[in-house]
Amino acid sequence: MALALGLAACGNGGSETTPADGGSNAAAPGTVKIGFMGDLTGANAGIVIPPRNGAKLAIDQYNKTNPAVKIELVEYDSQADPSKAVALAQQAIKTDKIVGLVGPAFSGESAQVGPVLEEAKLPSISASATNVKLAENGWKYWHRVLPNDGVQGPGIADFIAGGAAAKNVFVIDDKSEYGKPLADAVRAQLATKGVKVTNDSLDPAESDFSSVANKVAAAKPDAIFFGGYYAAGGNLLKQLRDKNVDAKFLSGDGSLDKGLIEGAGADNAEGALIGCPCYIATPDVTDAKVKGFADAYKAAYNADPAIYASEGFDAATVFIEAVKAGKTTPEDINQFISTVDIAGVSKQVKFAPNGEVEAKDIYIYQVKGGAITLLGKAAEAKLG
Amino acid sequence: MFNDFINQFWPSTVDGLAFGSIYALIALGYTMVYGVLRLINFAHSEVFMIGTFGAMFVPFVLGINSALTGLALVGVIVLMILAGMLASAGTAVALERIAYRPLRRRGASRLAALISAIGASIFLQELFALIVIPNVFDRPQQGRIQMALPQIMERTDLFSIAGHPVKLHQVVVVVAAVGMMIVLDRLVNGTKIGRGIRATAQNPEAAVLMGVNIDSVVRMTFLIGGGMAGVAGALYLIAYENTNYYIGFLFGIKAFTAAVLGGIGNLRGALVGGVTLGLVENYGAIFFGSDWKHVISFTILVLVLMFRPTGILGESLQQARA
């Protein structure tokens, strides 16, 4: 079953440079395998495909330089299902014998896969899992290339109370391993600023959020924060606007996807604000390194870099640097990661001993004219 | 807390009625099939899912991407309902033909039919996620991602109750659902087809002896139940403007609950059960939070069944008179 899924996942890559032999165990001489794990075809694939593309871009660029040791990217489509992710991780370790993993993409699956990777002594770098607790397990082989929700939540809350100047905020979470702690962090930080907070939770598997919308309408807030993924976020935003609620809508990185705009409708989504520990390379950037990445990404995938694309690129780059330095075993690569200090596209990449990246910037994005645009760093951004 | 209840009572009532009527339309399919075959058609949730996509097909083909008004709007809504009915009824009849009838012919146990239903349900979900949505709706590799309907209907405030606006789309949902249920009630209680259905439900063997063609009655039952799920799918889509391959799961469970709550095998029970469930969910959410909706609805179900094991109305299709 797991093997079949792995094969299917590779087939889905849809690119000529991905070898279609995800199930075979013998790597070509002078080739090492790096895995990518995440929800590639499920409901929230929109925020996993860009980091996959970013990682693939980095590896393709590296392979084009004709190095002594080439890298092959093996994709594992967990569909964000922790039990599937664990089975795929075991396949990656035992059958594919990968030497490093970019992912898992989400926090829930990361919590389940972490111990498996730890036992196998296989280094991983997630480009998108932001749950705080992941770093508290004492895992030595786990890393992430972006700040956690403990940084993101307060950062967004500071913006809500500061840049957005809200006094009465309604905070909703989706009860998930990602959404609940993020919303709780926002609640706690808002409370310290003397902002009035009202709460509710929803079940993201549902499609009728009218009871939530009724509560929001009754509370008459001037801002709403939703901790959860874009699939539910878009429906929620739409149903809020349908109930004539016109308060500012804010959310976290899980909602930073055009799926939010599609789900809510462009008119309803206009002006929505989304915080993210990620840095999206928008086409109008001037920094040469970021621009180079954005152009190469656009050329390869015929789309502008979206959420976590630069983080996926940076995570893969760390593994590439390790291979360049002659490290081709998981143990050596992990050793290398602990000492790495390189200028990535999204940030300066340097890991603390617990696996957290040291740079801690949160960015605020805004929906304008049906597209996601960068407003600025959370601490500095102002609503025009 | 009671202050919250007073503030949110009217909007919750309107939402509960609108959503409850969608539950009720789906519940009809469970209840009719149960009444006639003593079988829970667990693939009925997918019949609803396919109804939403059938309805989605109309604006997709017509290339509608902005709100309509007047006759064009009415026309598109009618077309969407018809397309939903066609897709759902077709699916239900095919299900009966492929997944149930062969088992029934060979005298297989009801458990076998149940497993067959679960298999058919998973098959249909994956069929849509892997083949239909990517190809028919031109969304390659996005079969599992929610599909949004462009807003075809402005969110106009029609009138207001105690200062809370009631929207046009909510009224459309309730009126259309109630209309369909009246038509169905007349069909079952006032026509020859209906008499056949009721006769088969009461005593299949006697019905055969009286010249009722069981196979065609069963097919008719699936056809009508599927059609109602298709209407539900179209109305859901118009009101909530999104669907996905997995949408039937929760609706199926809730509508089945509604059917049992109202009294399974009882057509009017499905209506009572659906609306009760819709209202209770929304009222309960005011007190306990929206994430407690499911807990509240199933607690109510258990409580009702403890005191009325046959559901609120109890009486089944077999004894239905008039």
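In this predicted model, 35 residues of chain B are in contact with 31 residues of chain A, contact meaning heavy atoms within 4.5 Å. The area buried between chain B and chain A is about 2600 Å², and carbon and sulfur atoms give 40% of it; buried area here is the accessible area, taken with a 1.4 Å probe, that two parts lose on being put together, summed over both.

The two chains are joined by seven salt bridges, each defined as a side-chain nitrogen of Lys or Arg within 4 Å of a carboxyl oxygen of Asp or Glu. One of them pairs A:E206 with B:K293, whose closest N and O atoms are 3.4 Å apart. Between chain B and chain A there are also 21 residue pairs in polar contact, both residues being at pLDDT 80 or more. A polar contact is a pair of N or O atoms within 3.5 Å; within protein, one must be able to donate a hydrogen and the other to accept it, and residues adjacent in sequence count only if both atoms are side-chain atoms. On the side of chain B that touches chain A, at least two residues each come from α1 (2-37), β3 (164-167), α8 (214-240), α9 (248-262), α10 (267-288) and α11 (293-307) of chain B, where helices (H or I, at least four residues) and strands (E, at least two) are DSSP runs numbered from the N terminus. The largest share, six residues, is supplied by α1(B). By residue class, this side of chain B divides into 13 nonpolar, twelve polar and ten charged residues, with Ala, Val, Leu, Ile, Met, Phe, Trp, Tyr, Cys and Pro counted as nonpolar, Asp, Glu, Lys and Arg as charged, and the others, Gly among them, as polar.

Within chain A, an automatic or database assignment gives domain 1 (2-147 + 287-350) and domain 2 (150-276 + 362-377). Their contact takes 15 residues from domain 1 of chain A and 14 residues from domain 2 of chain A, while the domain centres, taken over C-alpha atoms, are separated by 29 Å. The area buried between these two domains is about 1100 Å², of which carbon and sulfur atoms give 56%. A:N44, A:I47 and A:I307 supply 32% of what domain 1 of chain A buries there, more than any other three residues. Between the domains there are zero salt bridges and four residue pairs in polar contact, both residues at pLDDT 80 or more. The side of domain 1 that touches domain 2 holds nine nonpolar, six polar and no charged residues.

Two backbone features of chain A follow. Most residues other than glycine have a negative phi, and most peptide bonds are trans. The peptide bond from A:G103 to A:P104 is cis, with omega near -10 degrees, and A:P104 is found in the loop between β3 (100-102) and α4 (107-120) of chain A. A:K175, which is not a glycine, has a positive phi of about 65 degrees and is found in the loop between β6 (168-173) and α6 (179-192) of chain A.

Residues are numbered from 1 along each chain as its sequence is written, and chains are lettered from A and ligands numbered from 1 in the order in which they are written. Local features need pLDDT of at least 70 and side-chain atom pairs count only at pLDDT 80 or more, whereas totals for chains, interfaces and linings use all residues, and side-chain values use heavy atoms, with hydrogens and water left out.
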